[in-house]
Amino acid sequence: MITNSSHTSAIDSWRSRPAAQQPDWPDHEELDQVAAHLKNAPPLVYAAECDRLRDQLGAVARGEAFLLQGGDCAETFAGNTAPAVEGKLRTLLQMAVVLTHGSSLPVVKVGRLAGQYAKPRSSGTEVREGVALPSYRGDAVNGHAFTEADRRPDPQRLRTMYEASTTTLNLVRAFMTGGGADLSLVHRWNQGFLEGTPAVGRYERIAGEIDRALAFMRACGVDPGALHATEMYASHEGLLLDYEAALTRVEPETGLAYATSGHLVWIGERTRDLDGAHVEYFSRISNPVAVKLGPTATPDTVLALSERLNPDQIPGRLTFVVRMGAEKVRDLLPDLVGKVAAEGLVVPWVCDPMHGNTFTASTGHKTRHFDDVLNEVAGFFEVHRSLGTHPGGLHMELTGDDVTECLGGGYNLEADDLCLRYETACDPRLNHSQSLDVAFLVAEMLRNHRR
């Protein structure tokens, strides 16, 4: 069992381990100054909120709820505007309504936001026309423009990330509790998004049924407060350990440490080394945490990760997010899920159908095909159905905007369409219409799975 005293070492114990995917900061004195500032800054989230999310993820692990997690591949400082944030929230709320209506399960809503400003890269350098510069690692580290000045890692960007995340969380909390998420406004979530898209008719039918149900409840004198507001939690990949450590806070009553940078933080496929700094840091915090599992993950590795990150086997403390790719999920996932189930471990299994299905189109754009995304989700459900386990959730890269970054979907976007609105800072995202298409199809899968 992890003791309270070991939790207090979360800020420093990882520093003795190899830390993958960290920027080559040119000025460590400046980095220390920024970290000192962040150590004295107010927390972005609170321990009680993290505990509440952990309990809700425990319900997901037991098959009593479904997790919907989504947002930008990489947030940008320039894109941190009220319309952009509200667009993502409306998209997630609409998807949640569709999933709840179709499955009769409560949906736990978690945004990839208020901290998703850093990205791991396959190479530390990018070469264009013979010129080599540091790779773009997200706005938290350097700039996207291919210039020496922009690509130089700048510790001050960590401070800017904190400030941008504060703004985002203020917008989220105002929207979710100030009437924006009121279920009686379910039709309004549609305004400006779905007009003329293939999903509009299906969504409006669901909205109509909700309106009639609410009218019936009001006529009976019932007005549940839970229908007027809902919770949206914040998550990001806990990649930059100097930032995460600086925002780690120890609860005085319990001695437990929390990463106050977000409610849920995850370890990526490239940083889940059992002896590495990320697993060490994550093992010392009390937030709900997740680990991405790609095609190289083995049952023994998964069990070892569970032992390191959730030795007390608290349901909802640890989530496994699988990103196998459409061609491999049916072959590779059964061994992982089967082994975990055989050991009696209760964890949420979540499907990330985005990261294993990326390719470069003929136009040179990095993209994904909607059919591949859906095929991986279908394979994920098939595996769980065959094993009698719960398909716990979706982890999506999406936006509320009508971008053209992924092929296919209701509009059947083709390669030549990608240039119309290709706006992502890193990987391609589903647009609003494609996201709703996924929600309708997954709702049907959930309904069939529960029969």
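The following legends describe close-up views of a predicted model.

**View 1. Eight strands of the model close into a barrel.** The order of the strands around the barrel is β1-β2-β5-β8-β9-β10-β11-β14, and their pairing is parallel. On average, neighbouring strands of this sheet are turned by 25° against each other, direction ignored.

**View 2. Strands β5 and β8 run parallel and are joined by three bridges.** Strand β5 covers residues 233–237, and strand β8 covers residues 264–267. Within this pair, Ser235 stands opposite Leu264 of β8.

**View 3. Glu75 lies in the loop between β1 (66–71) and α4 (82–103).** Glu75 is buried but has no salt bridge. Lys88, the nearest side chain of opposite charge, is 4.4 Å away. A polar atom of the Glu75 side chain lies 3.0 Å from the backbone nitrogen of Ala114, and one lies 2.7 Å from the backbone nitrogen of Gln116. Not counting residues up to four places away in sequence, Glu75 touches several residues, among them Arg112, Tyr117, Asp139 and Thr168.

**View 4. Lys292 is located in strand β9 (residues 289–293).** Lys292 counts as buried because its relative accessibility is 4%, below the cut-off of 20%. The side chain of Lys292 makes a polar contact with the side chain of Asp352, at 3.1 Å. Residues touched by Lys292, not counting those up to four places away in sequence, include Arg112, Trp266, Glu269, Arg323, His355 and His395. From C-alpha to C-alpha, Lys292 and Val377 are 15 Å apart in space, and they are 85 residues apart in sequence.

How values were computed: Residues numbered from 1 in each chain as written. Predicted model: local features only at pLDDT ≥ 70, side-chain atom pairs only at ≥ 80, totals over all residues. Heavy atoms only, no water. Pairing = 2+ DSSP bridges. Helix = DSSP H or I, 4+ residues; strand = E, 2+ residues; numbered from the N terminus. Axes fitted to C-alpha atoms, helices over the stretch in contact; angles between N-to-C directions. Buried < 20%, exposed > 50% of the residue type's maximum accessible area, 1.4 Å probe, protein only. Lys, Arg positive; Asp, Glu negative; His and termini not counted. Salt bridge = Lys/Arg side-chain N within 4 Å of Asp/Glu carboxyl O. Polar contact = N/O pair within 3.5 Å; in protein donor to acceptor, adjacent residues only side chain to side chain. Contact = heavy atoms within 4.5 Å.
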